[in-house]
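Welcome, and thanks for opening the viewer. Please keep the cartoon view at hand and select each stop as we come to it.

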Amino acid sequence: MPRLLLVEDDDQIAAPLIRTLEREDYEVFRASTGQDALDRAEAGGLDVVLLDLGLPDIDGLEVCRRLRASGFQSPVMILTARGGELDRVVGLDVGADDYLAKPFGLAELLARLRALLRRSASAGPTPAPTPDVGSAPGQLRVDAQARRVWVGTDELALTAKEFDVIALLDSEPGAVMTRERVMDEVWDENWFGSTKTLDATIGRLRQKLEDSGARARVVTVRGVGFRLESDPPDA
């Protein structure tokens, strides 16, 4: 039974959503403020978060930013009345995996949740870090089975979508992956939104690789897609 946190301060919206989600075999927890949501996420055990932006204490975008900064890696879907493209892009930039504008259909919400959970599902508990003893500083290593990434001997904290993208690029290093292939394999047929979510995810990946000192970078091939390039070690 997936464990879901609904962050929504409006009782009239929250109550029917909780009933629907529980009928679909979700175990639902509710937070009505941003701080409540952060505290519940810190307690662990959540598979997905549905996050409203218009919260009474902390803006939902800031909640999402703090979740990611704390290392929270489960999918986050934003639910909001702010339907403008700029708001969607900002939400993705701070680490959301999906964005659904109110009012929305329950069938679409449930389809998106299933897609997010399929992509983030892992087999059993995550093992302890086991980086190669001889890993060179800045060397990128992707363990697709464990869904973990290391730069040198340091583990890189990634969201589910960020991991899926870098694992796909790493599966054929140096080869160009078309935008269509990445969207099909990472977001699959249940994705209803703009491809700008791919650009936002790529942007976060690039920043994390740069901040970690990785000798690898995601290169854009204009009009085609992306490839993962590794820089040679310094002489």
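Two strands pair if DSSP finds at least two bridges between them. Keep that in mind as you walk through this model, which is a predicted one.

**Stop 1: a hairpin**

Select residues 140–143 and 148–151. These are strands β6 and β7, and they pair in the antiparallel sense over four bridges. Now pick valine 142: its bridge partner in β7 is valine 149. Four residues lie between the two strands of this hairpin, where arginine 147 takes a positive phi near 55°.

**Stop 2: the five-stranded sheet**

Next, bring up the open sheet whose five strands follow the order β2-β1-β3-β4-β5, with parallel pairing. Which strands stand at its edges? They are β2 (27–31) and β5 (98–101), each of which pairs on one side only. On average, neighbouring strands of this sheet are turned by 20° against each other, direction ignored.

Zoom in on β1 (residues 3–7) and β3 (residues 48–52), which run parallel and are joined by four bridges. Here valine 7 stands opposite leucine 51 in β3. As background, strands of a sheet pair through backbone hydrogen bonds, either parallel or antiparallel.

**Stop 3: helices across the sheet**

**Stop 4: two backbone details**

Most residues other than glycine have a negative phi, and most peptide bonds are trans. With that in mind, select aspartate 25 in the loop between α1 and β2. Aspartate 25 is not a glycine, yet it has a positive phi of about 70°.

Now move to proline 103, in the loop between β5 and α5. The peptide bond leading from lysine 102 to proline 103 is cis, with omega near -5°.

**Stop 5: a charge over a ring**

Show the side chains of phenylalanine 29 and arginine 40. Arginine 40 lies over the face of phenylalanine 29, at 4.3 Å from the ring centre. How many aromatic pairs does the structure hold? The count is zero.

**Stop 6: the three-stranded sheet**

Look next for the open sheet with the order β9-β11-β10, formed by three strands in antiparallel pairing. Strands β9 (177–178) and β10 (216–221) stand at the edges with a single partner strand each, so one side of each is left without a neighbour in the sheet. Select β10 together with β11 (residues 225–230): six bridges join these antiparallel strands.

**Stop 7: two packed helices**

Finish with α7 (residues 179–187) and α8 (residues 196–212), whose axes are 11 Å apart and which pack at an angle of about 90°. Angles of 65 to 115 degrees count as roughly perpendicular, so that is how α7 stands to α8.

To see the contact, show Arg179, Val182, Met183 and Trp187 in α7, which meet Thr197, Leu198, Asp199 and Thr201 in α8. Colour the contact of α7 with α8 by class and you will find four nonpolar, two polar and two charged residues.

How values were computed. Residues numbered from 1 in each chain as written. Predicted model: local features only at pLDDT ≥ 70, side-chain atom pairs only at ≥ 80, totals over all residues. Heavy atoms only, no water. Axes fitted to C-alpha atoms, helices over the stretch in contact; angles between N-to-C directions. Parallel < 35°, antiparallel > 145°, perpendicular 65-115°, else oblique. Contact = heavy atoms within 4.5 Å. Nonpolar A, V, L, I, M, F, W, Y, C, P; charged D, E, K, R; others polar. Phe/Tyr/Trp six-rings, centres within 6.5 Å; stacked < 30°, edge-to-face > 60°. Lys NZ or Arg CZ within 6 Å of the ring centre and 35° of its normal.
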